[in-house]
Amino acid sequence: MYERLMEAAVEDENSRQALKAVKRNDGSPGIDRMTTNELEEHLEANWEILKAKLLKGTYIPSPVRRKEIKKPGGGMRMLGIPTVQDRYIQQMLLQVLTPIFDPGFSEHSYGFRPGRSAQEAVRAAQKYVQGGKEWVVDMDITKFFDHVNHDILMGRIAEVIRDKGVLRLIGKYLRRGAMVEGVVMASEEGTPQGGPLSPLLANIYLDALDRELDRRGHQYCRYADDCAPRAQRAEEGPMCVTA
């Protein structure tokens, strides 16, 4: 099943759409300091070489650049900023993987999905309250992105995807690690926040949680890994409302 995805990922139209998405999203440069404005010219000069490496399975991602940002509710969140070239490659993968995985996700999952939003999660939770539910469970998976188990995640992806090149490349992205004070620190767990692919990987990983909640008959809505029962937090970013 889905054995030739890398070929689909590097197809001309998919690669053009990925470039547009990376330029539109902009963002900080990675460890090589290349900006999104410089990416198109870089690809014009190097695309055939890059494409060949992706198809042969010899491409090696760069380490991410560590960056701390303030969380809306207090504290700091550690981001891993990939190079713009790696963001481009991840975006190509995202565009071919999303149509495969997203339709199978729970209807109660709202975060990082096409056509869904935090506001819709809040509205769903409000319907539960209007329906007579009185208790709300407020959950937070502490440092979720930092502690994703690589073996479990790759196992779940491999249940659906048979393209070994795609599987190897995702594994490389997970294990590549970060550049810290000039030293590359490999990653044994987690998926860095900051790359286009990480949100989809998070939903693949958390789909098992949704299935268990469904099996138990709970009424809930999840937005990424964070949970908050108050509707006014909808604008603050990733959240999940359970009821």
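Salt bridges in the predicted model

Glutamate 212 forms a salt bridge with arginine 216, and their closest N and O atoms are 2.7 Å apart. A salt bridge here is a side-chain nitrogen of Lys or Arg within 4 Å of a carboxyl oxygen of Asp or Glu. Salt bridges with shared partners join Glu212, Arg215 and Arg216 into one network. Glutamate 212 counts as partly exposed because its relative accessibility is 28%, whereas arginine 216 is exposed, at 55%. On this scale buried means under 20% relative accessible area, exposed over 50%, and partly exposed in between, with a 1.4 Å probe and protein chains only.

The model is predicted: local features need pLDDT of at least 70, side-chain atom pairs count only at pLDDT 80 or more, and totals for chains, interfaces and linings use all residues. Residues are numbered from 1 along each chain as its sequence is written, and side-chain values use heavy atoms, with hydrogens and water left out.

The structure holds eight salt bridges. One of them pairs arginine 113 with aspartate 102, with the closest N and O atoms 2.8 Å apart. Both residues lie in the loop between H4 and H5, so the pair ties together parts that are eleven residues apart in sequence. Arginine 113 and aspartate 102 are both buried. The loop between helix H4 (84–101) and helix H5 (118–130) also contains phenylalanine 112, which has a positive phi of about 60° although it is not a glycine. Phenylalanine 112 is partly exposed, at 35% relative accessibility.

Another salt bridge joins arginine 16 to glutamate 13, again with 2.8 Å between the closest N and O atoms. These two residues are three apart in helix H2, so about one helical turn separates them. Arginine 16 is partly exposed at 46%, and glutamate 13 is partly exposed at 36%.

As for the whole chain, the protein has eight helices and six strands. Helices (H or I, at least four residues) and strands (E, at least two) are DSSP runs, numbered from the N terminus. Their order along the sequence is α-α-α-β-β-α-α-α-α-β-β-α-β-β. Of the 243 residues, 46% count as buried. The mean positions of the 35 positive and 35 negative charges are 1 Å apart. In this count Lys and Arg are positive and Asp and Glu negative, while His and the chain ends are not counted; each charge is placed at NZ of Lys, CZ of Arg, CG of Asp or CD of Glu.
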